[in-house]
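User: I have just opened this structure and would like a guided look at it. Where should we begin?

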Amino acid sequence: MTSPAAGPAPTVDDEALARCADEPIAVPGAVQPHGVLLAVREPDLAVVVASGNAADLFGGPVAGRGLDELLDPADAGRLRAGLAGDLAELNPLRVRVRAAGGEVDLVVHRADGLLVTEWEPVRGAEEAGTAWHRRLPTVLQRLAASATLDELSAVLARDVRALTGFDRVMVYRFDPEWNGEVIAEDRRADLEPFLGLWFPASDIPAQARALYETNWMRLIPDAGYRPVPLEPATVGRRPLDLSGAMLRSVSPVHLEYLANMGVRASMSISLVDRGKLWGLIACHHYAGPHRPSYTDRTAAEFLGRTASLLLPTKVVAGDQGGVVEVAQRQAELAAVVGRTPRGLAAALTDGEVTALGLVPAAGVAVRLGGQLHLAGTTPPAERVGPLVRDLLAAGVRATDAVSRVLPAAADLAATASGVLVAEVAGGRGDYLAWFRPETLREITWGGNPYTSKTAQTDAGPRLSPRRSFDAWSETVRERSQPWLDHEVAAARSLAALLTETAANRATEDNRLATALQRTLLLEQLPEVPGVDLAARYLPSADDVVGGDWYDLVPLPGGRVSVVLGDVAGHGLAAAAITAQLRHALRAHLLRAAGPAAALDGLNEVIGALLPGELATAVVAELDPATGEVVIANAGHLPVLHATAGATEYLHEGRGPALGLLDAAGYREIRLTLAGDDRLLLVSDGLVERGRGGLSAGLDDLRAAVAGGPVTPQALADAVLAALDPPRTDDVTLLALART
């Protein structure tokens, strides 16, 4: 059959799953009958809780009795001595029970403030014998010498079976959704193979997986056992915590599962990779009950722990070819980034070595500086941004099944069933994203995982394991090849390199722009007879270079032009445009018949040589001898004229910003400065206000000038103090008067 994006992740009834999740598997209140459990107080070691079969082993009731009464004196002494140290070094303690006389393996741990003791008779356990244990170093050498994960798994399955005597031993690996695949198997020759079969995540619920991470070994010698209850059933108000007990009774659902598979005995050993459950060594026996000795089980657990330590290197070894190739591409792309720091997006999508080649993918999206570039086979450009944003909002940066995360994106399966996203920091929403199309894949399950797996009970529905485990295949759609760890790491590394490069470039750009802008700002105003001029410039507190500039241009006949301008944008690009406009306007002021004509000429320069750029400028041409002033304004804030009796803005004749129209036709206004009259030219950084807006700022400026000092120098300082601009943008102020 064909399965959509949900595979391989079969689902079951939600209520049944919830009931399974709530099942008290850590506190079942019972143990398996192949041993006895006693929970005792310390230090008197008096029995507080006992399993119902304790009397059979100890020859009578044990409640309230101390362990000293139940053991030979020598064994009791060894137990007490061991309790003072590390319990892991004490376990197992081989002792003799007075009543039974036979040898017992005693294992202890602490839980709920009690010492939990578990007593397992040696008699009846199968043993591999000393010959196998003498070969343990050779087995460990075989594990370490395995070159790949497949070899490691095969050695593990074969040697664990040789040690424990189970009919079948499998190495079972979890996928990211906790479905399991049998990747290695050693079995009795007449058994049907399970190698390559998949088992759904619901076969091992989440709480059971959590126990596997803390308890590496679990044994069920007889899957048909009757649980032995603990007496009393509770300690205080709750059942005794048996999560660390080897005799803990298991879920009835699991026993039903084993029965449906025809399994009479089972054992599992956890495989843990860097603290996370990676898989299991699953052991099945069909011929009848089967109980390997505690010593053999400990040796098998040791093999599992050793294999767990080897897992990271073996997994990487299996992907070694891809790891090397990706590392080589990383180095090549790093060189590209170093060579072309100012054209990265194009270089990463159109060059000889591109981001598309970093990891196996069909397409890549590179968004840098707010601009999106695509290469290869990708979703439509208008879908890429929303797709990436939605994945990031869902906390997903790598998925091989986009439609499971974003059902609305199912129609993108042909180009983006798999997406890997790496964010480029900087606050502009930049990123790298790789895309993989769906890859049709056939999955063979151990039984049909979609058949009903719930049973109705008096308490409500519960999980009921499927009854058939015959191979059942389906074709999985809307999934891509999964992203490997080294591929994800390489993507993040490239994004981090781009982040660092952008930050370094921004720092360098700001340094250059600052130096360039300083050349546009007069360090010392030239002295012009009859003119008193004060200039103040405050750079942005964010250290982002703006486009403000001012100038004083002496003209023939003793006249002088005072200029204040502002180029749209920030940084090096804005500073470069500012330099060009400043010099062009100087040339036009020297040749043109007045400031309006000069601004018309500058507007033509922008249209011809700098299309798309915008700027504002205001020019006040003063004749010191007569006090006559001619003003032309290209989209800039109005000039403020202060007299002894009034303070007003000169709005008349204000034209459009430079670069907005092909032919602006700027006009001039004329006035005469007399006595203590002053003119004030400002940039918007002085008067812009977050809450009150520009209008409030202009009102504040008018009030500060009306009551301020007369001399331009003192007036400029008083205005800055009164308005206290927020410094989110450059602030420029020119105060002009006659002397």
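User: What lies over the face of Phe-194?
Analyst: Arg-168 does, at 3.8 Å from the ring centre. A charge is taken to sit over a ring if NZ of Lys or CZ of Arg is within 6 Å of the ring centre and within 35 degrees of the ring normal. Arg-305 is likewise placed over the face of Trp-216, at 4.1 Å from the ring centre.

User: Before we go on, what kind of model is this?
Analyst: It is a predicted model, in which local features need pLDDT of at least 70 and side-chain atom pairs count only at pLDDT 80 or more, while totals for chains, interfaces and linings use all residues. Residues are numbered from 1 along each chain as its sequence is written, and side-chain values use heavy atoms, with hydrogens and water left out.

User: What is the mean pLDDT of the protein chain?
Analyst: The mean is 85, and 87% of the residues reach 70 or more; pLDDT is the predictor's confidence in each residue, from 0 to 100. Confidence is lowest in strand β1 (residues 2–3), with a mean of 46, and highest in strand β3 (residues 36–40), at 97. Strands here are DSSP runs of E with at least two residues, numbered from the N terminus.

User: Where does pLDDT stay under 50?
Analyst: That is the case over residues 1–21, for which the model has 62 contacts beyond four places in sequence. Contact means heavy atoms within 4.5 Å. Where pLDDT is low, the predicted coordinates should not be read in detail.

User: Back to rings: which residues do ring pairs link into a cluster?
Analyst: The cluster consists of Tyr-172, Phe-174, Trp-178, Phe-194 and Phe-199. Rings of Phe, Tyr and Trp (its six-membered ring) pair if their centres lie within 6.5 Å; planes under 30 degrees apart count as stacked, over 60 as edge-to-face and the rest as tilted. By this rule there are five aromatic pairs.

User: Why is the pair of Tyr-172 and Phe-174 edge-to-face?
Analyst: The pair is edge-to-face because the ring planes stand at 90°, with the centres 5.4 Å apart. Phe-174 also forms an edge-to-face pair with Trp-178, at 5.2 Å centre to centre and 65° between the planes.

User: Is Phe-174 buried or exposed?
Analyst: Phe-174 is buried, at 9% relative accessibility; buried means under 20% relative accessible area, exposed over 50% and partly exposed in between (1.4 Å probe, protein chains only). Tyr-172 is buried as well, at 8%.

User: New topic: where is Thr-117?
Analyst: Thr-117 is in strand β7 (residues 114–121) and is buried, with a relative accessible area of 0%. Its side chain makes a polar contact of 2.9 Å with the side chain of Trp-119. A polar contact is a pair of N or O atoms within 3.5 Å; within protein, one must be able to donate a hydrogen and the other to accept it, and residues adjacent in sequence count only if both atoms are side-chain atoms.

User: And which strand holds Glu-621?
Analyst: Glu-621 lies in strand β27 (residues 615–622). Glu-621 counts as buried at 9% relative accessibility, and a polar contact of 2.3 Å joins its side chain to that of Arg-559.

Key. Helices (H or I, at least four residues) and strands (E, at least two) are DSSP runs, numbered from the N terminus.
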